[in-house]
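Please read this report with the sequence and the model side by side.

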Amino acid sequence: MAMMNPTGRAALLAAASVLALTTVAGADTIRFWTTEEQPERLARQEAMAADFTAETGIEVEVIPVTESDLGTRATAAFAAGDLPDVIYHTLQYALPWYEAGILDADAATEVIETLGVDTFASGAMEMAAVEEGYASVPVDGWTQMIVYRADLFEENRLEPPTSYENVLAAIEALHNPPEMFGFVAATKVDENFMSQVLEHVFLANGVSPVDENGFAPLDEAATIEVLEFYRAIVEASPEGELFWQQSRELYFAGRAAMIIWSPFILDELAGLRDSAPPTINDDPTSTELAGMTGIVTNFAGPSNPDGAAWADIRYFGVTADADTEAAQAFIEYSLSDGYTATLAIAPEGKFPVRQGDSENPTAFTEAWAQLDVGVDRRAPLGDLYAAEMIDEIVGGLDVAQRWGVAEGQLALASNMINSQVINRLVREYIDGVRSAEETVALMNGELSGIE
């Protein structure tokens with residue numbers, strides 16, 4: 001797809017925006033489905049929609065839909081010819097809905113080209129890429145993170161935990177239980193947390209159980225590297241069935257050097273949520289631990305030096321039943337003049353996948369960093385964390401990956417993850433039930449039977 005110079009793209013954007021808004025000014029109402037149904041988040045979306053209406057005359061009916069019901073509701077509405085105009089949806093629906101005819105990829109691609117392809121995070125774009133362009137328009141996302149004690153790494157002259165090698169070196173230097181655990185790994189097999197952490201660790205080493213044809217046998221040598229690494233971080237963890245709760249509690253108490261967590265920990269780290277306070281000192285509102293913390297989003301194994309970031313991306317889809325021009329105008333507004341309001345719905349979990357525009361390539365990243373986060377107290381992320389950490393948080397979206405996305409096999413990969421076969425067999429390997437080679441063979445045998 002040809003790229004336009006920034007000046008030309010800015011002129012096109014201005015002209016297209018005026019044309020789109022003029023063309024659709026007479027439209028009555030569009031319907032917008034959103035899974036952000038919590039009352040405060042819903043109110044923010046309704047306020048943003050009202051601002052759009054004031055500017056364009058197009059009414060927006062904001063309709064909350066429970067995320068677990070989204071797939072069945074969309075399928076039923078499609079069959080009835082009664083889809084909404086715009087759907088805010090998760091990554092898992094982008095390609096299947098496009099293939100089913102629910103989404104209008106041409107309309108989404110026009111929006112992206114109007115706003116500027118190169119203003120979006122490349123990883124988020126690649127996940128929605130189809131033959132005609134893009135199934136949906138990326139809106140926001142978050143990347144899983146290695147959260148680590150940057151102060152201890154600096155004191156011990158350790159490199160940040162950007163690779164298997166660096167993590168193991170840090171464990172060697174910092175693991176001193178029970179005062180300090182080198183890591184707190186996920187070991188509770190029936191927790192989705194373990195599934196997310198393991199997929200991140202597998203992706204980091206370039207290992208996937210699918211290709212464009214479906215199931216793909218795991219590479220034995222690279223998978224053994226994954227297993228041996230995971231066993232090492234488990235051995236540096238406390239005993240027991242560990243999931244998100246223990247990792248957060250131990251890190252907050254100053255007893256863990258590294259954990260893997262979502263960015264929803266960022267406001268809690270800074271003492272902004274009373275239900276999950278840092279306990280590293282006597283002040284539950286202290287920002288001390290936040291100041292000691294670093295994060296890594298892109299993480300590499302020995303067989304994949306470029307590494308990978310595990311991400312959850314959300315999209316705006318223009319549907320097959322949409323008032324197309326009105327829907328496009330709403331999405332363009334939500335990702336330009338209204339983008340800061342879009343991100344403000346929940347800044348700690350809505351990283352800007354559109355980082356700026358042709359006039360300022362970092363405009364939206366800068367605005368996002370100044371949005372208040374927190375529950376019982378609020379403060380901007382940019383006041384709590386250093387600029388380079390903010391850059392790392394947002395930069396993970398450029399290299400974001402998930403099993404099956406690039407191959408068009410996200411549904412199959414999701415079924416494999418949800419079966420918890422990988423969780424169970426990794427745990428059995430760690431517990432000494434069988435060798436690494438036997439574990440890889442058994443994984444391949446069991447995963448090959450999943451459809």
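Two residues are in contact here when they have heavy atoms within 4.5 Å of each other. This is a predicted model, in which local features need pLDDT of at least 70 and side-chain atom pairs count only at pLDDT 80 or more, while totals for chains, interfaces and linings use all residues. Residues are numbered from 1 along each chain as its sequence is written, and side-chain values use heavy atoms, with hydrogens and water left out.

**A helix residue and two strands**

Helices (H or I, at least four residues) and strands (E, at least two) are DSSP runs, numbered from the N terminus. Threonine 53 belongs to helix α2, which covers residues 39–56. When residues up to four places away in sequence are not counted, threonine 53 touches Ile58, Glu59 and Val60. Is threonine 53 buried or exposed? With a relative accessible area of 15%, threonine 53 is buried, since buried means under 20%, exposed means over 50%, and partly exposed lies in between (1.4 Å probe, protein chains only).

Strands β1 (residues 29–34) and β2 (residues 59–64) pair in the parallel sense over six bridges; two strands are said to pair if DSSP finds at least two bridges between them. The chain runs from β1 through α2 to β2, and this β-α-β crossover is right-handed, a term used when, with the strands pointing away from the viewer, the path from the first strand over the helix to the second runs clockwise. Within the pair, tryptophan 33 stands opposite isoleucine 63 in β2.

**The largest pocket**

On a 1 Å grid over the protein atoms alone, a cavity is a set of points where a 1.4 Å probe fits but cannot get out, whereas a pocket is an open set with protein on both sides within 12 Å along at least five of seven lines; lining residues have an atom within 4 Å of a point. Grid points are joined across faces, edges and corners, and a volume is the space filled by probe spheres set on the points.

The largest pocket has a volume of about 810 Å³ and is lined by 31 residues, of which Glu67, Gln92, Asp312, Arg314 and Arg402 lie nearest its centre. Among the elements that give two or more residues to this lining are β3 (86–90), α4 (91–100) and β13 (304–318), but α19 gives the most, with six residues. In α4, the residues Leu91, Tyr93, Ala94, Leu95 and Trp97 are buried, and the buried residues of this helix pack against elements including β3, β13 and α19. Just after α4, glycine 101 takes a positive phi of about 90 degrees.

How many cavities of 30 Å³ or more does a search of the whole structure find? The search finds three. Elements giving two or more residues to the lining are β1 and α2 for the largest cavity, and α9, α19 and α20 (421–430) for the second largest cavity.

The table sorts linings by class: Ala, Val, Leu, Ile, Met, Phe, Trp, Tyr, Cys and Pro count as nonpolar, Asp, Glu, Lys and Arg as charged, and the others, Gly among them, as polar.

| Space | Volume | Lining by class |
|---|---|---|
| Largest pocket | about 810 Å³ | 12 nonpolar, 10 polar, nine charged residues |
| Largest cavity | about 70 Å³ | five nonpolar, three polar, three charged residues |
| Second largest cavity | about 60 Å³ | five nonpolar, three polar, one charged residue |
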